[in-house]
Each structure stands twice: as C-alpha cells, then as structure tokens.
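Hello,

Here is the structure I promised to pass on to you. Please have it open while you read, and take your time with it.

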Amino acid sequence: MKTYDLYGFDHDDLEAARVAVEQALGVKLALHESLHRGDYYRLDTVGDESFVLQRNFDPFDEVLVEDEFPEIRILLYIEDTERPEELERILTARIPNLRLLRRRTL
C-alpha cells in the first residue's frame, strides 16, 4: 500500500526547511521552478517515492495551496511511500517545528 503524507512548517524560510529535511533524511533536494509552485524543491527516489518541499501559496492564482492549514507556511509532501511511520519518526524527531498534517493510504 502507498501512503501520501503532508507535513508542515510554521515558518516561511524555504531554505531553512530544505536544509532541515536534507540533514534529517540524508538526501539532496533539487531546486525547481513552477508557475503554480514558484521555487520549490523535489527529490524523486528510486521507485515511486518522492518528496516535494514548497510554500503554501500558489503565486499564479494567489491562493493557499492547502487552505485548511492557513497557519502553515511551508509544505512537505511525501508521496508513494511504503515507509510512512519510519519517515514520520525520523522527521519529527530531527525537525522540532515540523508536524504531520495529513496521511492518506491507498
């Protein structure tokens, strides 16, 4: 089964969030640019698992991406993972201002 997690940072420093995620997981996120995401970071791992780190704001439509979390400034999407509990344990232990917002399993 694949799990889709959404984590949130309450600060607005995308670079600090990137460094925190990279250090916590021992990965390197690549900078990308999108009309709807603006500058964001992404990592596609071997297999289907992927990580996307972005602001909670769509600069094109000028709306929140995740409007049910207006207090959250930076979003971390972990998609298609088969190890959600492991990642949650690592991320929340190593990044104090990160919290799990939503988990969906398909």
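Two notes first. This is a predicted model, so local features need pLDDT of at least 70 and side-chain atom pairs count only at pLDDT 80 or more, while totals for chains, interfaces and linings use all residues. Residues are numbered from 1 along each chain as its sequence is written, and side-chain values use heavy atoms, with hydrogens and water left out.

**The sheet**

Six strands form an open sheet in the order β2-β3-β4-β5-β1-β6, with antiparallel pairing; two strands pair if DSSP finds at least two bridges between them. β2 (30-34) and β6 are the edge strands, each with a single partner, so one side of each has no neighbour in the sheet. On average, neighbouring strands are turned by 25° against each other, direction ignored. (Axes are lines fitted to C-alpha atoms, for helices over the stretch in contact, and angles run from 0 to 180 degrees between N-to-C directions.)

β2 and β3 are antiparallel and share five bridges, and a hairpin of three residues joins β2 to β3. Ala 30 has Arg 42 in β3 as its bridge partner. β1 and β5 also run antiparallel, joined by six bridges, and Tyr 7 is partnered by Leu 76 in β5.

**The helices**

α2 packs on the sheet, where it touches β1, β4, β5 and β6, and its direction makes about 15° with that of β1. α1 lies across β1, β3, β4 and β5, and runs at about 160° to β4.

Which residues of α2 (84-94) are buried? They are Pro 84, Leu 87, Ile 90 and Leu 91, where buried means under 20% relative accessible area, exposed over 50%, and partly exposed in between (1.4 Å probe, protein chains only). These four sit on the same side of α2 because they cover an arc of only 135° around the axis, an arc taken from the directions from the helix axis to the C-beta atoms. As background, an α-helix has 3.6 residues a turn, so residues three or four places apart point the same way. Glu 85, Arg 89 and Ala 93, on the other side of α2, are exposed. The buried residues of α2 pack against β1 (3-9), α1 (14-25), β4, β5 (74-81) and β6 (98-105), with contact meaning heavy atoms within 4.5 Å.

**The cores**

A nonpolar core is a set of buried Ala, Val, Leu, Ile, Met, Phe, Trp, Tyr and Cys residues joined through side-chain atoms within 4.5 Å. The largest one has 21 residues, and Phe 9, Leu 53, Leu 91 and Ile 95 have the most contacts inside it. β1, α1, β3, β4, β5 and α2 each give two or more residues to this core, and α1 provides the largest share, six residues. Beyond its neighbours within four places in sequence, Phe 9 is in contact with residues including Ala 17, Val 21, Leu 53 and Ile 95. A second, separate core has eight residues, among them Leu 6, Tyr 40, Phe 69 and Tyr 77.

Glu 49 lies in the loop between β3 (38-44) and β4 (50-55). Is Glu 49 buried or exposed? Its relative accessibility is 10%, so Glu 49 counts as buried. The Glu 49 side chain has polar contacts with the side chains of Thr 81, at 2.5 Å, and Arg 83, at 2.9 Å. A polar contact is a pair of N or O atoms within 3.5 Å; within protein, one must be able to donate a hydrogen and the other to accept it, and residues adjacent in sequence count only if both atoms are side-chain atoms.

Arg 102, in strand β6, is buried, with a relative accessible area of 18%. Its side chain makes a polar contact of 2.8 Å with the side chain of Glu 68.

Arg 73 is in the loop between β4 and β5 and is partly exposed, at 41% relative accessible area. Arg 73 and Gln 54 are 19 residues apart in sequence and 8.7 Å apart in space, C-alpha to C-alpha. Arg 73 also touches Phe 9.
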